[in-house]
Amino acid sequence: MGRWGITLPLTGVPVLQHRELVGELGDLGYTDVWSAETTGTDAFTPLALAAQWSDSIRLGTAITPVYTRGPALLAMSAATAAEVSGGRFVLGIGSSSPAIVNRWNATEFSEPFKRTRDTLRFLKAALAGEKVDEQYDTFTVRGFRLERKPEQKVPIMLAALRPNMLRLAAKEADGAITNWLGAGDVAKVRGELGDSELAARIFVCPTEDADAARALGRMLISSYLTVPAYAAFHDWLGRGEALAPMHEAWAAGDRKAANKLVPDEVVDDLVVHGSVEQCREKVAKYQANGVDTPIIALLPTGADQADLVRALAPGV
């Protein structure tokens, strides 16, 4: 089956209550645990704990914003995660969004491509143990060296949605992490990335109540895909016309109308739903189309989330 990842922590579940589940993941067929960082936990703490609860799972951030920590702190956090996991850590970085960076973290969101590129170049040098004294286009670092460099190389993957960032990931990073794409979109993304590792967060809602799944999907899509980077991503993927009414309503301030104007076919493309067996098959389709590491992001259905993680495992 190849790699098979899960996003942790699960929605609404305290971090320390994941110990038993994480200990089972390897036997269930999961290979990866990836964290996110929005308004819940930070990206690193859940992975540091998971590293102690499993001795086989690969651990990654998907993603850590390049603006919300200074370059040196980001390098230190990555080096520590690599150390406590015995070299099983992958650092996923990206520009994030204006809401997270500016509105919530009081930091200017400017030149996201350059800032991500500069942070990548700094991190590659710093995590290799080099002394960094460099003026980049978007920041300057003077005389920084990690006290202890990681014993093994720390892979760095970039959050990438469109050609420029995908090509940067192919040329200078260890792969790309993408989000909010359908299985049928994978070939277009892969065409820009080449043979580098492609990880994709896939929203999975295991319920046979299609109306409920689509209602949740529409709410998420109208919130996420109105962010400029995601809007441009789906224009590039060919959904511009289908999503135009949603964007018009959102721009006019009518959030309820924007939600209702997301077509069912777009929801069905971007949110995996159905029975557990159908969901597992749909995630596997992403793999068949060229995703190396599918990362399930489990959406709440009212059922026990840990049980759903077990049921969605490739080994079931």
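**Legends to the predicted model**

**View 1. Burial in the protein chain.** Of the 316 residues of the protein chain, 53% count as buried, that is, under 20% relative accessible area with a 1.4 Å probe and protein chains only. The model is predicted, so that local features need pLDDT of at least 70 and side-chain atom pairs count only at pLDDT 80 or more, while totals for chains, interfaces and linings use all residues. Residues are numbered from 1 along each chain as its sequence is written, and side-chain values use heavy atoms, without hydrogens and water.

**View 2. Secondary structure.** The protein chain holds 14 helices and 12 strands, defined as DSSP runs of H or I with at least four residues and of E with at least two, respectively.

View 3. A disulfide is a covalent bond between the sulfur atoms of two cysteines. With the criterion of a pair of cysteine sulfur atoms within 2.5 Å, the count is zero. C205 is in no disulfide, and its nearest cysteine sulfur, that of C279, lies 7.5 Å away; this distance is too far for a bond. C205 counts as buried because its relative accessibility is 3%, and C279 counts as buried at 0%.

Definitions and conventions. Buried means under 20% relative accessible area, exposed over 50%, partly exposed in between (1.4 Å probe, protein chains only).
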